[in-house]
Amino acid sequence: FHVKIEGNMSNGLERELAEWHRKLTSAKNARKAKIQESERVLASQRGHIEDERKLGKHMQEQLCIDLESTASPGAEAALQERKDKLQDLVETYSRKVEVESRQLESIQQELEITQAKALELRRATGGHHAAADETKNAAKTIKLLENRLEQAEKRFGEAITGNKVLHREIDEHNKA
């Protein structure tokens with residue numbers, strides 16, 4: 001009965017361990033997908049930033065050329081407005097890259113916590129082979145107890161045989 005209770009507890013822990021293992025695998029897969037998505041988004045945003053920087057540089061060069069050739073105040077204001085818009089776009093993409101980096105860190109922390117919980121549960125249950133070890137130990141205990149019972153039965157039978165012999169001797173002495 002005692003072994004059965006431990007087995008049920010072990011089964012519960014094994015189920016919980018399996019559930020944590022499933023969650024860990026799911027978290028790893030989600031993390032990997034999120035990392036890949038973040039890397040893709042970051043690469044895309046970096047590409048956009050670089051394109052905008054090149055465009056901004058090109059436009060600055062054009063602006064300098066245009067300013068040298070014409071000193072029109074209206075053209076200068078339009079170019080300054082375009083330059084400001086490009087600078088805002090660069091800042092926007094930089095913020096997006098920063099947000100993605102923070103999300104990636106958060107996912108990595110969640111994964112580490114889940115891995116630590118899974119390891120703790122694995123240790124609590126005695127490792128990967130705890131259930132098999134418990135079953136083997138229970139079988140050994142049962143075999144040991146069966147052997148002790150057989151030996152006790154054998155001694156009991158010998159004692160009864162000895163008692164019968166003594167009873168016969170007593171009966172023979174009483175008759176004599």
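Me: What should I know about the model and its numbering?
Reply: The model is predicted; local features need pLDDT of at least 70, side-chain atom pairs count only at pLDDT 80 or more, and totals for chains, interfaces and linings use all residues. Residues are numbered from 1 along each chain as its sequence is written, and side-chain values use heavy atoms, with hydrogens and water left out.

Me: What makes glutamate 37 and arginine 40 a salt bridge?
Reply: A salt bridge needs a side-chain nitrogen of Lys or Arg within 4 Å of a carboxyl oxygen of Asp or Glu. Here the N to O distance is 2.6 Å, so the pair qualifies. Both residues lie in helix H1, three residues apart, about one turn of the helix. A helix here is a DSSP run (H or I, at least four residues), numbered from the N terminus.

Me: Why is glutamate 37 called partly exposed?
Reply: Buried means under 20% relative accessible area, exposed means over 50%, and partly exposed is in between (1.4 Å probe, protein chains only). Glutamate 37 has 35%, so it is partly exposed.

Me: How do you know that glutamate 98 pairs with arginine 102?
Reply: Their closest N and O atoms are 2.8 Å apart, which makes a salt bridge. Glutamate 98 and arginine 102 sit four residues apart in helix H2, so about one helical turn separates them. Glutamate 98 is partly exposed at 47%. Arginine 102 is partly exposed at 46%.

Me: What joins glutamate 81 and lysine 85?
Reply: Their side chains meet in a salt bridge, at 3.6 Å from N to O. The structure holds four salt bridges.

Me: Why does lysine 23 count as sitting over the ring of tryptophan 20?
Reply: The rule asks for NZ of Lys or CZ of Arg within 6 Å of the ring centre and within 35 degrees of the ring normal. The charged end of lysine 23 is 5.0 Å from the centre, and it sits over the ring.

Me: What makes a pocket a pocket?
Reply: On a 1 Å grid over the protein atoms alone, a pocket is an open set of points with protein on both sides within 12 Å along at least five of seven lines; lining residues have an atom within 4 Å of a point. The largest pocket has a volume of about 210 Å³; that volume is the space filled by probe spheres set on the points.

Me: Which helix gives the most to the lining of the largest pocket?
Reply: H1, with seven residues.

Terms used. On a 1 Å grid over the protein atoms alone, a cavity is a set of points where a 1.4 Å probe fits but cannot get out, and a pocket is an open set with protein on both sides within 12 Å along at least five of seven lines; lining residues have an atom within 4 Å of a point. Helices (H or I, at least four residues) and strands (E, at least two) are DSSP runs, numbered from the N terminus.
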